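Please walk me through this structure, one region at a time.

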Amino acid sequence: MAPFLAALLLSLSAARRCSATAAAAASPSTPSSPPPPPAPLVPALFVIGDSTADVGTNNYLGTLARADREPYGRDFDTHRPTGRFSNGRIPVDYLAERLGLPFVPPYLEQNMRTGAGGAGLSNVDGMIQGVSYASAAAGIISSSGSELGMHVSLTQQVQQVEDTYEQLSLALGEAAAANLFRRSVFFVSIGSNDFIHYYLRNVSGVQMRYLPWEFNQLLVSTMRQEIKNLYNINVRKVILMGLPPVGCAPHFLEEYGSQTGECIDYINNVVIEFNYALRHMSNEFISQHPDSMISYCDTFEGSVDILNNRERYGFVTTTDACCGLGKYGGLIMCVLPQMACSDASSHVWWDEFHPTDAVNRILADNVWSGQHTKMCYPLDLQQMVKLKL
């Protein structure tokens, strides 16, 4: 009998141990590690552009074109001004989030940090997932916007991209840097200032020397050359943003004396011509370079859809800037918190030239997947990242 009782006791003890182990495993008091974040869809996002894409470049420059003061950024994630020309996020912030990447930092900020330390791996760590070269007031033409002070023009930004490629090549090796650039997305949004601060102001009598279509050809030819320069350093995936309806901005509604908020057709017609030429150039480029993809995204089309369907999108006004003075808030730039409305989400325009966070989100959704209206041709960004080139 004793051996039987001993065996029974051992069995019961083992059963209790198994039960306790199972209970401990199921106990809610044992915290489980959160799942790791999903891997980014691309290695990096690099941004070239003007104030539509500046995330703080101009904070480091002597210029009037800065958004490093309140009320800019009041609705941003940190509720502080960052240098973004909006009350909150700009499109590249939403796109970085979609790609599973952190918000891109300004190149000038990262370059200052790496400058003293050489090109070691730890010193380029802040650039590996992308940076923004975009500079407010910058244009395709180098002198566009120069009356506001310093800026980094398109040509200078592409030179900075080349410098970045060289730094990454030294730190990672040429093959790894080439692979990183080849698989990354380059977002390009520039050109409005060539009209706002150059052609429409007739700087140096430019309107006497170039008809609008001739001026557009000059801009697009320069843009093509810079895209070719990017291609030469293994850039293969480019989102190329067209220009918005500049003639609907509060600044021009006020300047041209719009009576009931109607857009200025002369300005918009010039912009439409530019966009047409830009789209044609991008189609031609990818036909000549089949190992690359440039998606032209029609910001004009996406913006007009918002202006024509404001109630569907939840906007109260499509003409008045949330922050500004004068008719439509288009007389002067937003410079004081007291100049701003209480609810920017009801406005299409944040200041005299720039849209609100709410509009930027809609445009980014369209770039990503055409969620509200198709903007990008031939591919949206979601399709582009899956493309094997």
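His-79 is exposed, since its relative accessible area is 56% and the cut-off for exposed is over 50%. The model is a predicted one. His-79 sits in the loop between strand 1 and helix 2. Its backbone stands out too: phi of His-79 is near 55 degrees, a positive value in a residue other than glycine.

The bond joining Glu-70 and Pro-71 is a cis peptide bond, with omega about 10 degrees.

Now compare Tyr-328. Its phi is near 65 degrees, again positive in a residue other than glycine. Tyr-328 lies in the loop between strand 5 (317–321) and strand 6 (347–349). Is Tyr-328 buried or exposed? Its relative accessibility is 9%, so Tyr-328 counts as buried; the limit for that class is under 20%.

Five strands make an open sheet with mixed pairing, in the order 1-2-3-4-7. Strand 1 (45–49) and strand 7 (376–377) are the edges; each has a single partner strand, so one side of each has no neighbour in the sheet. Strand 1 pairs with strand 2 (residues 185–189) in the parallel sense, over five bridges. Within that pairing, Ile-48 has Val-188 in strand 2 as its bridge partner.

Helices pack on this sheet. Helix 4 (residues 154–172) touches strand 1 and strand 2, and its direction makes about 155 degrees with that of strand 1. Helix 10 (residues 265–288) touches strand 3 (237–241), strand 4 (293–297) and strand 7. The direction of helix 10 makes about 165 degrees with that of strand 4.

The peptide bond from Tyr-377 to Pro-378 is cis, with omega near 0 degrees. Pro-378 lies in the loop between strand 7 and helix 14 (381–384).

Turn to a helix pair. Helix 6 (residues 192–199) and helix 8 (residues 212–231) pack at about 130 degrees, with axes 11 Å apart. The two helices are therefore oblique to each other. Helix 6 passes helix 8 in a right-handed crossing. Asp-194, Phe-195, Tyr-198 and Tyr-199 of helix 6 meet Pro-212, Phe-215, Asn-216 and Leu-219 of helix 8. By class, this contact has six nonpolar, one polar and one charged residues.

Finally, follow the chain out of helix 8. Asn-232 lies in the loop between helix 8 and strand 3. Asn-232 counts as partly exposed, at 47% relative accessibility. The C-alpha atoms of Asn-232 and Glu-162 are 9.6 Å apart, though 70 residues separate them along the chain.

Conventions: Residues numbered from 1 in each chain as written. Predicted model: local features only at pLDDT ≥ 70, side-chain atom pairs only at ≥ 80, totals over all residues. Heavy atoms only, no water. Axes fitted to C-alpha atoms, helices over the stretch in contact; angles between N-to-C directions. Helix = DSSP H or I, 4+ residues; strand = E, 2+ residues; numbered from the N terminus. Parallel < 35°, antiparallel > 145°, perpendicular 65-115°, else oblique. Left-handed = near helix turned anticlockwise from the far one by under 90°. Contact = heavy atoms within 4.5 Å. Nonpolar A, V, L, I, M, F, W, Y, C, P; charged D, E, K, R; others polar. Pairing = 2+ DSSP bridges. Buried < 20%, exposed > 50% of the residue type's maximum accessible area, 1.4 Å probe, protein only.
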